[in-house]
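Please read them with the coordinates open.

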Amino acid sequence: MKLTGLGHDKTATMVLVALAAVTFIIPFCNLALPADSPMHFSAYTVSLLGKYLTFALLGLSLDLVWGYCGILALGHGAFFALGGYAMGMYLMRQIGTRGVYGDPLLPDFMVFLNWKELPWYWLGFDHFWFALLMVVLVPGVLAFVFGWLAFRSRVTGVYLSIITQALTYALLLAFFRNEMGFGGNNGLTDFKELLGFNIQSEAVRAMLLMMSGITLMTAFLVCRWLVNTKLGRVVTAIRDQESRVRFLGYRVEMFKLWIFVFAAMLAGVAGALYVPQVGIINPSEFSPLNSLEIVIWVAMGGRGTLYGAIIGAVLVNYSKTVLTGLMPEIWLFSLGAVFVIVTVLLPDGIVGLLRRRLQEQHS
Amino acid sequence: MTSFAENSFGEDEKSSSGILLAEGQLDTRHGPILYLENVSVSFDGFKALNELSLYIDAGELRCLIGPNGAGKTTLMDVITGKTRPDTGSVFFGQTIDLLKMDEPAIAQAGICRKFQKPSVFDALTVFENLELALKADKRTWPTLFNRLNGEQRDRINQIIETIGLGAHHQLRAGILSHGQKQWLEIGMLLMQEPKVMLVDEPIAGMTHQEIERTAELLLSLQGQHSIVVVEHDMEFVRSIASKVTVLHEGSVLTEGTMDEVQNDPRVIQVYLGG
């Protein structure tokens with residue numbers, strides 16, 4: 001009897017079914033049903049759900065790093081933001097002459113800064129395939145360089161958490177600067193088209209929700225496969241007894257590195273799906289607070305389960321939408337309260353609570 | 001283990017750099033499999049090891065005893081690459097310089113260790129714990145696509161029987177008793193097909209029966225593996241050891257059979273504080 005497996009597959013299946021429903025039924029109800037039908041979902045709801053799904057993907061990627069490999073990364077939002085910027089750069093270049101200044105090549109903010117030509121690192125972003133490549137490559141390379149230095153020097157625990165936080169804070173400050181060429185404080189916005197389609201149209205929004213859902217489900221299945229391989233077991237072992245793994249002959253730093261890089265790429269994809277749905281990317285996405293919030297989603301859902309991260313991300317963000325609408329001033333307090341309650345009373349999160357219930361029923 | 005007899009003529013240059021570690025390069029023609037010479041380690045001025053020299057023969061079962069702070073665990077740390085000595089040399093066979101290798105490389109070369117506190121992976125099952133220890137290509141990519149073949153499965157099941165956990169192979173290691181965890185860790189050592197096993201306090205927390213079975217197990221392994229056991233329980237040491245080394249204040253005080261050692265006035269003085 002494998003106690004860890006109890007109720008595991010059932011919950012995972014339920015989460016997948018729910019995701020499939022959101023992914024396929026909601027866009028259908030939005031597009032095909034008349035606006036006065038009770039089953040109709042508004043464009044607002046569609047965008048909101050699409051946003052939640054990208055957050056769920058981001059939470060999933062952090063769970064891989066934190067829940068399975070034990071690396072409490074407090075700067076995971078940086079990879080999300082970088083993926084978002086890569087997509088934003090593509091969308092900026094799609095604007096063309098429709099900008100305020102009508103420059104065929106330069107985005108508005110560059111014209112405003114009196115720049116004469118496009119910086120070299122903006123080249124290529126007029127191609128969608130190139131932007132997609134950068135969406136995974138930029139976060140991946142940054143994670144590789146950072147991880148290579150940190151894991152080889154055996155920086156662990158709270159020290160590692162602090163430098164990941166410093167990383168995202170440094171990027172926040174850098175992206176604020178106009179000289180960086182990423183729109184400074186305002187970031188990238190005023191997008192018009194995605195692959196030639198009007199980005200504001202309901203059909204594109206519904207498609208983006210579907211894409212987010214499909215990507216999330218695929219990522220979930222891939223991650224599930226990954227943690228059930230021998231590599232997944234090595235990674236879990238690293239979480240629990242790092243030095244023991246080393247004395248078994250595994251190069252712990254390489255395992256950590258590849259998990260970290262893979263998760264950063266997933267976070268980049270999440271960011272790329274997020275930006276067209278919210279219509280803006282600015283340096284605030286690098287804010288350390290955002291990265292802390294991801295940790296709270298995962299902790300609340302239940303780490304080390306993958307689907308827990310999805311549940312946590314959706315629930316916390318739904319509460320955020322509701323609460324910031326009703327009483328914006330209490331949101332941060334309630335977030336803090338939730339984190340304290342989860343840490344003290346629910347160390348395994350909501351999923352842990354559900355699983356305990358299931359076990360009680362069984363016995 | 002047939003490899004002890006195989007030599008490595010002309011390979012000295014490569015293997016002394018510790019890069020090529022294939023079986024058969026271990027050179028034990030002169031008898032010893034571990035050479036520690038004039039090894040010193042100090043922590044903030046405290047000399048944990050002080051000009052220690054020790055030789056372990058291939059296939060030997062050696063017990064290390066000594067009062068607390070004598071340097072037994074530090075010695076194991078030095079051999080397995082966890083601690084770098086300030087001075088001295090540590091060789092595996094005649095040609096492989098362990099001081100140029102890190103922990104995973106030393107483990108892959110065939111020196112495996114059981115920790116004082118049982119270190120098993122609580123979240124994984126007994127079977128999975130052994131699977132991770134199994135001698136295999138331990139780089140990331142081959143590990144990702146690794147699938148156990150029938151032979152490897154048989155080997156794991158065979159070890160599970162050897163360590164007496166046959167009824168528990170699907171249990172999570174975290175819920176095993178202390179003694180069972182100790183055995184599981186010994187099983188993990190065996191999975192690695194080690195040439196040298198360093199076993200730190202194997203019987204702590206075991207019942208009398210378990211202690212007897214551990215002694216039988218260790219005795220049955222000598223000859224195939226070189227085993228170094230650190231233990232405080234003198235009765236246990238007497239039941240397994242043909243040769244005992246006594247450490248005191250970071251160096252070797254004396255070596256010999258249990259009787260010789262126990263009658264040595266210096267040993268008596270160290271232990272009784274006389």
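1. Among contacts in chain B between residues at least 6 apart in sequence, 66% join residues at least 24 apart; two residues are in contact if their C-beta atoms, placed from the backbone, lie within 7 Å. In chain A, residues 24 or more positions apart account for 78% of the contacts with a separation of 6 or more.

2. On conventions: residues are numbered from 1 along each chain as its sequence is written, and chains are lettered from A and ligands numbered from 1 in the order in which they are written. This is a predicted model, in which local features need pLDDT of at least 70, side-chain atom pairs count only at pLDDT 80 or more, and totals for chains, interfaces and linings use all residues.

3. Confidence is given as pLDDT, the predictor's value for each residue, from 0 to 100. Chain A has a mean pLDDT of 90, with 98% of its residues at 70 or more. Its residues 1–6 have pLDDT below 50, and this stretch makes eight contacts in the model beyond near neighbours in sequence. For the complex the predictor gives an ipTM of 0.84 and a pTM of 0.89.

4. For chain B the mean pLDDT is 85, and 90% of the residues reach 70 or more. Residues 1–19 of chain B have pLDDT below 50; beyond near neighbours in sequence, the stretch has 30 contacts in the model. Confidence in chain B is lowest in helix α1 (residues 12–16), at a mean of 45, and highest in helix α4 (residues 126–133), at 94.

5. Helices (H or I, at least four residues) and strands (E, at least two) are DSSP runs, numbered from the N terminus. Chain A has 14 helices and four strands. Its radius of gyration, taken over C-alpha atoms, is 21 Å, close to the 21 Å that the globule rule gives for 363 residues, so chain A is as compact as a globular protein of that length. The globule rule is 2.2 Å times the number of residues to the power 0.38. Along the principal axes, the C-alpha atoms of chain A fill a box of roughly 70 × 55 × 40 Å.

6. Chain B comes to 11 helices and 10 strands. Its radius of gyration is 19 Å, close to the 19 Å from the globule rule for 274 residues, so chain B is as compact as a globular protein of that length. The box for its C-alpha atoms is roughly 55 × 50 × 35 Å, taken along the principal axes.

7. A residue is buried if 20 or more other C-beta atoms lie within 10 Å of its own, exposed if 12 or fewer, and partly exposed in between, with C-beta atoms placed from the backbone. Buried residues make up 44% of the 363 residues in chain A; of the 274 residues of chain B, 46% count as buried.

8. Helix α5 of chain A (residues 128–152) has 25 residues, which should span 36 Å at 1.5 Å a residue; its end C-alpha atoms are 35 Å apart, which agrees. The expected span is 1.5 Å times one less than the number of residues. α5(A) bends by about 30° at A:M134, the bend being the angle between axes fitted to the seven residues ending there and the seven starting there. Its buried residues include A:M134, A:P139, A:G140 and A:F146. Their cover includes α3 (77–95), α6 (157–176) and α10 (252–278) of chain A. Just after the helix, A:R154 has a positive phi of about 55°.

9. Helix α12 of chain A (residues 307–326) has 20 residues and reaches 29 Å between its first and last C-alpha atoms, close to the 28 Å expected. Among its buried residues are A:Y307, A:I310, A:V314 and A:V316.

10. In helix α7 of chain B (residues 178–191), 13 of the 14 residues are buried. B:E193, which follows α7(B), has a positive phi, near 45°.

11. The contact between the chains takes 24 residues from chain B and 23 residues from chain A. On the chain B side, α3 (103–109), α4 and α5 (140–144) each supply at least two residues.

12. B:T254 lies in strand β10 (residues 251–256) of chain B. B:T254 is partly exposed, with 15 other C-beta atoms within 10 Å. Leaving aside neighbours within four places in sequence, its contacts are B:V246, B:V261, B:D264, B:R266 and B:V267.
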